[in-house]
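Dear colleague,

Please find the structure below, handed over for your own work.

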Amino acid sequence: AFIGLVILLHRTGGLEFIAGGIYDSTIGGSELVAYFLTFLGFGIKSVIFPFHIWLPAASVAPTPVTALLHAVAVVKSGAFAIIRVTYYCYGITAIKGTWAQYAALILAEITIVYGSSIALKERHFKRRLAYSTVSNISYIVFGAMLLSPEGLTAALMHFLFHSLTKLAAFMTVGAVVETTGREYIFQLDGLGRKMPVTFGVFTVSALSLTGIPVFCCFFSKWALCSAALSSESTIGIWGVVALLISALLTAIYMISVPIRAFFAKGEALDSVHEAPWQMS
C-alpha cells in the first residue's frame, strides 16, 4: 500500500483526497500497477482471498474484542481505505474498465464464495462467524469496485448493516461461551430452550445476514445485486451469481445454529441458564 502511494505522490505531486480523484482520464500501466498494489495492501486488512488467514486466527481474542475486530474496527478500515484510494485518490475515471478493476472484482467474488464455503464447514462457533466476515467484507469491496454510484451506495449500506448484524451475532456467541463454556456447534443442541433471549437475538442476526426480507442486510444485498446487474457486464453477472451462492450457504451455516439450539435434543442442560442481564 505504501509503495503504491509513493508512486502516486511521485507521479502527481499530491496525496490530497479530492472528490472524483486526482486523475481525470484513463491511466497507464505503471499507475495501474501502483493502484493495484495499494488495493492489495489494504485488501489484506479487508481480508481479501488469499490474504485472509489472519482474521480467523484472531478469534482467540475475547469476544467483545473479536466483535469489534470482525464487525467494525479493523476489517472495515481496510474496506474504507480501498474506497478512499479508489474514489478520492485515483478516481473512478482512471480505474473503470481497466484490468485493475476486473482483477479486484474477481478477487472479491472469489472471496465471497470462499468465505461462505469455509464458514459452512467450520465447526467452531466463533471461527464460523469469522469466515462469514471474510465473505461479507468482500460484499463491500465488490460493490465499491463496480465503480458506479449504485455500487458505492450498496457498499456503504452493507458497511453499516453488516456491522450491526455481526456485532449482535458475536455478542451472542460471547454470551454462550461465557455462560456455558461451549464453543463448538455440536455443543449447542438444546441451548436455545435454556437461553431464549440469547438465541432469539442470534436468530434475528442469522435471518438478517442471510438476506431475508424485512431484515436490514436484505436491503444492502438487494442493492448490491441491482448495482451489479445495472453494470451490464459479464463480471457483474458473475458477481450476482457469487452473491446468490453465498446467500444460500449463509442460510445453511447461520440458520442451522438456532434450529439446533431450539429443536435438537441436548445433553447436560440442567446447569445451563440464560446469560446475566447485563450481557443480555
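The protein has 13 helices and zero strands; helices (H or I, at least four residues) and strands (E, at least two) are DSSP runs, numbered from the N terminus. From the N terminus on, the order of elements is α-α-α-α-α-α-α-α-α-α-α-α-α.

This is a predicted model, in which local features need pLDDT of at least 70 and side-chain atom pairs count only at pLDDT 80 or more, while totals for chains, interfaces and linings use all residues. Residues are numbered from 1 along each chain as its sequence is written, and side-chain values use heavy atoms, with hydrogens and water left out.

Overall dimensions

The radius of gyration, taken over C-alpha atoms, is 20 Å, which agrees with the value near 19 Å that a compact globule of 280 residues would have. The globule rule is 2.2 Å times the number of residues to the power 0.38. Along the principal axes, the C-alpha atoms of the protein fill a box of roughly 70 × 35 × 30 Å. Contact means heavy atoms within 4.5 Å; among contacts between residues at least 6 apart in sequence, 79% join residues at least 24 apart.

Interior

Buried residues make up 51% of the 280 residues, where buried means under 20% relative accessible area, exposed over 50%, and partly exposed in between (1.4 Å probe, protein chains only). A nonpolar core is a set of buried Ala, Val, Leu, Ile, Met, Phe, Trp, Tyr and Cys residues joined through side-chain atoms within 4.5 Å. The largest such core has 77 residues, of which Phe39, Tyr90 and Met145 touch the most other members. Helix 8 (residues 125-145) gives the most to this core, with eleven residues. Not counting residues up to four places away in sequence, Phe39 touches Ile82, Ala104, Leu107, Val141 and Met145.

Surface and helix 13

The protein exposes about 12100 Å², 71% of it supplied by carbon and sulfur atoms; accessible areas come from the Shrake-Rupley method with a 1.4 Å probe, and for residues only the protein chains shown count as cover. Leu229, Ile237, Trp238, Val241 and Ile245 form a nonpolar patch on the surface, with about 460 Å² of accessible area together. Patches are made of residues with over 30% relative accessible area and no salt bridge, with like charges joined within 9 Å and nonpolar side chains (Val, Leu, Ile, Met, Phe, Trp, Tyr) within 5 Å. A salt bridge is a side-chain nitrogen of Lys or Arg within 4 Å of a carboxyl oxygen of Asp or Glu.

Helix 13 (residues 234-263) provides the largest share of the nonpolar patch, four residues. Val241 lies in helix 13 and counts as partly exposed because its relative accessibility is 33%. Ala247 also has its place in helix 13. Leaving aside neighbours within four places in sequence, Ala247 is in contact with Tyr139 and Thr210. Ala247 and Ile112, 135 residues apart in sequence, are 9.7 Å apart in space, C-alpha to C-alpha.

Backbone points to check

The loop between helix 2 (29-45) and helix 3 (54-57) holds Pro50, and the peptide bond from Phe49 to Pro50 is cis, with omega near 5 degrees. Val47 is found in the loop between helix 2 and helix 3; its phi is near 50 degrees, a positive value in a residue other than glycine. Val47 counts as buried because its relative accessibility is 0%.

Val214, in the loop between helix 11 (196-210) and helix 12 (216-230), has a positive phi of about 90 degrees although it is not a glycine. Val214 is exposed, with a relative accessible area of 71%.

Yours sincerely
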